[in-house]
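Please keep the sequence and the model open alongside the text.

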Amino acid sequence: MASPSASAESNLDIDYVLVYRFSREDKNKAISNFQNLIRALADVGLETEVRNGEDSTLLVFVKAADEKIFNEVVYRSRVRDWLHGARQAQPDKGTENVLTKEPLVPAERFRLVYDMITSEPSEGGAGITPKHGVWENVESIFPLHDVRLNKEWMTEWARKTFLSPQDIDSVRDNLGEKIAYYFAFLQTYFYFLIYLAAFGFSCWVLLGYFSMIYAVVNCLWCVVFVEWWKRQEADLAVRWGVRNVSAIQKGRRDFQYEKESKDPITGETVKWFPATQRLQRQLLQIPFVILAAIALGTLICTCFGIEIFISEVYNGPLKSVLVFIPTVLLTTLIPTISTFLTGFATRLTEFENYETEDAYEKAMTSKVFVLNFITSYLGIFLTAFVYVPFASVLVPYLDIFSLTVKPFAENEKQMQTPPAYSFTINPDRLRKQVIYFTVTAQIVSFALETVVPLITRKGTTKFKEIQSSRAEAKGGAAPPPSANDPPEEKAFLARVRHEATLGDYDVTSDLREMCIQFGYLSLFSAVWPLVPCSFLINNWIELRSDTFKITSECKRPIPQRADSIGPWLDALGFLTWLGSITTAAVVYMFSNDGVGPSGRPSDIKLWALLLSVFASEHIYLLVRLAVRTVISKLDSENMRKERAERYMVRKRYLEETGLSVDKMTRQSLRTRSVSSGGGLTKDITRKSLEDEARETTLRESTPVTRFWGRQKGWAEVEQVGVNLIELKLEGSAETKKGR
């Protein structure tokens, strides 16, 4: 009977794949760094296998081999969670049965193995950080996709209108809480949009634009949604066992401390950086915001003026074509300036020198939000609060923009600005602009986010195939990486090599996109009541396209824990507050049949406008307080009593086991006790791994055991990797000679 072969859909018990890229110029360094990599992984109890990769790369496959060591890692992680209040139940004492009552879900296993790979040696990890320091040759670390699960998600979710709680739990179990929170937020947002979309459609039919009734309901909807989501976050945190998990701060590797000192309460050695010095550095955010506002604001205002001049003043040849000049300028220059400012924001955040990843992410998010706020909303603000009320005053000064069309004009009359008394504003401009950002821009964003990367990747793959075929025909091509693959692993290794070329998924960018979309809804929905209808359709597609992006266009994300959507929740609250102000102003200014003040500021009563804004904001504050109070009553848990009881349980547990907090957080995971009472050295640990691998191979023969049995122990993995590096370097040299 033929032995079963490795299925392309099976992951062969692999936890992670490390892509090791070496330089062709420095052979000794490439070999030395590879040997250090394999030994570092073996030191923490991880088993490895190596295979050939694309170009100058090797694929290092990693799994947690020693059950006792991994059980200890799981146990310590759960005890640490319990000590910080992330877990309600006290873990069972001892590591022997740690997985019996509470088995690992894939996300927890991947997270813990990733910690074993990347944590500092002082914390029991291998300390491997891709593209950093001595690990500069490690290009990436990623888990493999679960192909069967991906197909199941795409097939089932395409037929569903709503995702069930079990679907969200499945995302959490396989991709981690951070991504699950995004999907839960998107699903909750979708639920709420159904009611607002139905009401908005009714108002569009019956009441028209700038309806005060719709504006009030829209503001109330925003308040209820944000407050309800806060409660939903807490419910999910309890359900997933991650309440207060944000208290378990992960230190930043790039944090530069001034000195080390002992915590007077815990006695731990902590790295210290003066808070006053960080505050001084944070004050640089003020000139950064001013710089961003000037750079982006000047560009947007200039393009806005050019567009007004061409569309409403210029009356010469090629007007229908020239009107796209501002669009071309914005499309070309906005990404360039935004990229520069984002890079500057990144360097500024690094200079602020945050100790933890959460603090760094929060600071970076606030800066990115400022940039996105300016680029997303400034154009509409200019139309609503500058063009409409002050057009008759400003238009005569737009003749400076005649330079943009002068080469095409036949005479000066075609570029002459009309006198203020005869100029008439375009009452549809504001509505068309809102429709563009809420419909057209959403479609363009979907194409750029999903369709274009797919076409680009397929085109790149085809181009490489053509290049390879031409080189092979000329006799100068190096053998493909699959040339020496075992036959039963060919399909599997082809999939791994493909996944290694994919990009990383960034859930923060998707959260930012939803936050900006919510801003259009809260700020300008009164202009066009069909905005929620557009977003309802868009978000149904968005959820499926994001699933496709995660499962097909990106590497499988490394699971990360979270107990909320992070700083984006503050951004939602800010947009809701600002929406109460802008909605009141827009409804007041355009209440006369949606035409507005006809470009004459005398038509606007300043006292009435300020009174509308003042009343709207204070009503918002009162409504938010009422909604928050009502929703808080739905949670009947006595949090103070719960915290007190949890503290007593922790204290008793530590006293009974004889453990201290210092031991739980600092003891190395690389050593473990044995029955003889002595500690195992690194060499004995490696030997035990080799013996266990051989015994497993002898017991049974399956694709998994054969995959992990081809190289017996870390020493053989190291030797095979060195041979592959030498073979690739020799092949490269021969190829160059042949050319």
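A crossing of two helices is called left-handed if the near helix is turned anticlockwise from the far one by less than a right angle, and right-handed if clockwise; by that convention, α17 and α18 make a right-handed crossing. The model is predicted, so that local features need pLDDT of at least 70 and side-chain atom pairs count only at pLDDT 80 or more, while totals for chains, interfaces and linings use all residues. Residues are numbered from 1 along each chain as its sequence is written, and side-chain values use heavy atoms, with hydrogens and water left out.

**Overall make-up**

- The protein chain holds 23 helices and 6 strands, where helices (H or I, at least four residues) and strands (E, at least two) are DSSP runs numbered from the N terminus.
- Of the 739 residues in the chain, 48% count as buried, a term that stands for under 20% relative accessible area, with exposed meaning over 50% and partly exposed lying in between (1.4 Å probe, protein chains only).
- Among the contacts in the chain with a separation of 6 or more, 79% come from residues 24 or more positions apart, a contact being heavy atoms within 4.5 Å.

**The four-stranded sheet**

- An open sheet of 4 strands runs in the order β2-β3-β1-β4 with antiparallel pairing, two strands being paired if DSSP finds at least two bridges between them.
- Strands β2 (46–52) and β4 stand at the edges with a single partner strand each, so one side of each is left without a neighbour in the sheet.
- On average, and with direction ignored, neighbouring strands of this sheet are turned by 20° against each other.
- Helix α14 (residues 490–500) packs on the sheet and touches β1, β2, β3 (57–64) and β4, its direction making about 105° with that of β3.
- Strand β1 (residues 16–21) pairs with β4 in the antiparallel sense over 4 bridges; leucine 18 has isoleucine 141 of β4 as its bridge partner, and valine 17 has phenylalanine 142 of β4.
- Strand β4 (residues 138–142) is mostly covered, with 4 of its 5 residues buried.

**Helix pairs**

- Two packed helices are described by the angle between their axes and the distance between the axes; the axes are lines fitted to C-alpha atoms, for helices over the stretch in contact, and angles run from 0 to 180 degrees between N-to-C directions.
- Helices α17 (residues 568–589) and α18 (residues 606–633) pack at an angle of about 145°, with their axes 9 Å apart; residues of α17 including Gly573, Trp577 and Tyr588 meet residues of α18 including Leu609, Ser616 and Tyr620.
- Helix α15 (residues 507–524) packs with α17 at an angle of about 15°, the axes being 8 Å apart, and the two are therefore roughly parallel to each other; the scale used counts angles under 35 degrees as roughly parallel, over 145 as roughly antiparallel, 65 to 115 as roughly perpendicular and the rest as oblique.
- The crossing of α15 and α17 is right-handed, and among the residues that meet there are Leu511, Cys515 and Phe518 in α15 and Leu572, Leu575 and Thr582 in α17.
- Helix α8 (residues 275–282) and helix α11 (residues 325–352) pack at an angle of about 165°, with their axes 9 Å apart, which makes α8 roughly antiparallel to α11; the contact is made by Arg278, Arg281 and Gln282 of α8 and Leu348, Phe351 and Glu352 of α11.
- Helix α8 passes α11 in a right-handed crossing.

**A mostly covered helix**

- Helix α5 (residues 165–175) has 8 of its 11 residues buried, among them Asp167, Asp169, Arg172 and Leu175.
- The buried residues of α5 pack against α3 (106–118), α4 (147–159), α6 (177–206), α7 (212–240) and α16 (531–553).
- Glycine 176 follows α5 and has a positive phi, near 100°.

**Cysteines**

- A search of the whole structure finds 0 disulfides, a disulfide being a pair of cysteine sulfur atoms within 2.5 Å.
- Cysteine 303 is buried, with a relative accessible area of 2%, whereas cysteine 301 counts as partly exposed at 36% relative accessibility.
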